[in-house]
Amino acid sequence: MQVRHDMRQMLARRRERSLTAEVRDALEEMILRGEIGRGERLNEHQLAEELGVSRGPVREAARALEREGLVTAVANQGVFVRELTLADALELYDLRAMIAGYLCAEAARSAALETRQALLAAVAEMEEAIAGGEEERYFALNLAFHDAVARASGARRAAALYTSLGKEVRLMRQRVLQGAASLRISNTEHLRIAQAILDGDVEGARDSGAAHHANGKTRLLETMGETGDLQPTAQPHPGGGDGTGHQATQGRNT
């Protein structure tokens, strides 16, 4: 009987962990899409109601997001979406540049031919998005491209670190990827990366990967000079909301 009781407890804990993971993923997506804005407090009661869960999984999910650098807990006040300082953002770009160079080099060294060709195809798809004026689609494809390079490297620990840092960068949303000119510059750099990987040019891939992120840092500083703010103004969207295709959620911090 004790064995069955212990088994039930173990299964209950597994279900709870699974639910917490689902809630964590949902909250992360809300934050990265800007549905919960920078500096906003996570309202456990309201979020639990929206997601159809108890407050426990929301609380545990928030703790996980804090470990990942997306939210900050303030004693006696609650948990807030992290606000990146300029120093934070520049450090993230430098770290990502170093890791990206390594990942690109490893992809050039060991990726399968089919994978290398798929990276070139992804660059062409991003070019189509630019031509069609589809900035949101480009942004999604851009993220997918860099994730694909990370996977192609076969360097799992470096790829995981790169992805984690990338989530923090996304707190700035599409700040450095606005306007066709900016997107074309970015995609030209993607082409250099993909071509070097296809050619098996290890050093060329390393240099192109690092330079792409260093140039992103430069573009950020240039836009900072125009507005003096890390957060972009929400772009108009035909369906309303905040330019992501979703309605911006109001009042989450009330």
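Among contacts in the chain between residues at least 6 apart in sequence, what percentage join residues at least 24 apart? The share is 75%, where a contact means heavy atoms within 4.5 Å.

Before we walk through the chain, a word on the model. It is predicted, so local features need pLDDT of at least 70 and side-chain atom pairs count only at pLDDT 80 or more, while totals for chains, interfaces and linings use all residues. Residues are numbered from 1 along each chain as its sequence is written, and side-chain values use heavy atoms, with hydrogens and water left out.

Let's start with the overall plan. The chain has nine helices and two strands, and along the sequence they follow the pattern α-α-α-β-β-α-α-α-α-α-α. Helices (H or I, at least four residues) and strands (E, at least two) are DSSP runs, numbered from the N terminus. Of the 254 residues, 43% are buried. Here buried means under 20% relative accessible area, exposed over 50%, and partly exposed in between (1.4 Å probe, protein chains only).

Now look at helix H1, residues 2–32, where you will find Asp 25. Asp 25 is partly exposed, because its relative accessible area is 42%. Ala 61 is 36 residues away from Asp 25 in sequence, yet their C-alpha atoms are 8.2 Å apart in space. Glu 28 and Arg 24 meet through their side chains in a salt bridge (2.9 Å, N to O). A salt bridge is a side-chain nitrogen of Lys or Arg within 4 Å of a carboxyl oxygen of Asp or Glu. Glu 28 and Arg 24 are four residues apart in helix H1, so about one helical turn separates them. Both Glu 28 and Arg 24 are buried. A network of salt bridges links Arg 24, Asp 25, Glu 28, Glu 68 and Lys 167. The count of salt bridges comes to 17.

Next, follow helix H4 to its partner. Two packed helices are described by the angle between their axes and the distance between the axes. H4 (residues 86–110) packs with H8 (residues 180–199) at an angle of about 35°, with their axes 7 Å apart. These axes are lines fitted to C-alpha atoms, for helices over the stretch in contact, and angles run from 0 to 180 degrees between N-to-C directions. Cys 104, Ala 107 and Ala 108 of H4 meet Ile 193, Ala 196 and Ile 197 of H8. The residues of this contact are six nonpolar, no polar and no charged; Ala, Val, Leu, Ile, Met, Phe, Trp, Tyr, Cys and Pro count as nonpolar, Asp, Glu, Lys and Arg as charged, and the others, Gly among them, as polar.

H4 also holds Glu 106, which counts as buried because its relative accessibility is 17%. Leaving out residues up to four places away in sequence, Glu 106 touches Ala 111 and Ser 153.

Ser 153 is one of the buried residues in H6, which also include Tyr 138 and Phe 139. After H6 comes Gly 154, with a positive phi near 75°. H8 is likewise followed by a glycine, Gly 200, whose phi is positive, near 70°.
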